[in-house]
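Here is my note for your first reading. Keep the viewer open and go through the points in order.

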Amino acid sequence: NYSIKKITALVQYLILILFSTLGIFANYKSILLASINVLLLATITASHDIICSYIKLKNFEKKEFGIVGAVSNTGFRIGILLSTGILLYLAEKIG
């Protein structure tokens with residue numbers, strides 16, 4: 001269980017780094033590097049989803065999957081909404 005936490009944290013840091021560096025390639029007009037970044041980002045994000053599904057399968061019983069899926073999906077959507085709003089705010093203030 002401890003190794004799963006370490007792997008999940010590593011994957012989340014990689015996602016943060018890849019998302020953060022994606023804007024750099026727009027300044028340099030490097031479509032090849034941006035494409036490689038997006039490919040890595042998609043692969044690592046899919047791996048993160050697989051790890052999250054594994055954690056759900058190991059920690060919850062079959063009858064609890066409905067509520068676990070609903071809470072997980074709702075949290076994901078709220079996180080997307082908040083992060084997008086924060087990013088737009090920062091983009092407006094910085095640039």
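1. N1 sits in the segment before α1. This residue counts as exposed, because its relative accessibility is 70%, and exposed means over 50%. Now look for I55. The two residues are 54 apart along the chain, yet the C-alpha atoms of N1 and I55 are separated by 9.0 Å.

2. Remember that this is a predicted model. How confident is the predictor in the protein as a whole? The mean pLDDT is 84. A value of 70 or more is reached by 98% of the residues. Among the helices, look at two. Confidence is highest in α2, at a mean of 87. Confidence is lowest in helix α3, residues 65–94, at 83.

3. Move to T8. This residue belongs to helix α1, which covers residues 2–28. Is T8 buried or exposed? T8 is buried, because its relative accessible area is 12%, and the cut-off for buried is under 20%. What does T8 touch, leaving aside neighbours within four places in sequence? The answer is H48, I51 and I55.

4. Next, find N37. Helix α2, residues 31–59, holds N37. N37 has 3% relative accessibility, so this residue counts as buried. Which residue does the N37 side chain meet in a polar contact? The partner is the side chain of T21, at 3.0 Å. Beyond neighbours within four places in sequence, N37 is in contact with L18, T21, L22 and F25.

5. Finish on the surface. A nonpolar patch is formed there by I78, L82, I86, Y89, L90 and I94. Together they have about 650 Å² of accessible area. Take Y89 from this patch. Y89 lies in helix α3. With 52% relative accessibility, Y89 counts as exposed.

Notes:
Residues are numbered from 1 along each chain as its sequence is written. This is a predicted model: local features need pLDDT of at least 70, side-chain atom pairs count only at pLDDT 80 or more; totals for chains, interfaces and linings use all residues. Side-chain values use heavy atoms; hydrogens and water are left out. Helices (H or I, at least four residues) and strands (E, at least two) are DSSP runs, numbered from the N terminus. Buried means under 20% relative accessible area, exposed over 50%, partly exposed in between (1.4 Å probe, protein chains only). A polar contact is a pair of N or O atoms within 3.5 Å; within protein, one must be able to donate a hydrogen and the other to accept it, and residues adjacent in sequence count only if both atoms are side-chain atoms. Contact means heavy atoms within 4.5 Å. pLDDT is the predictor's confidence in each residue, from 0 to 100. Patches are made of residues with over 30% relative accessible area and no salt bridge: like charges are joined within 9 Å, nonpolar side chains (Val, Leu, Ile, Met, Phe, Trp, Tyr) within 5 Å. Accessible areas come from the Shrake-Rupley method with a 1.4 Å probe; for residues, only the protein chains shown count as cover. A salt bridge is a side-chain nitrogen of Lys or Arg within 4 Å of a carboxyl oxygen of Asp or Glu.
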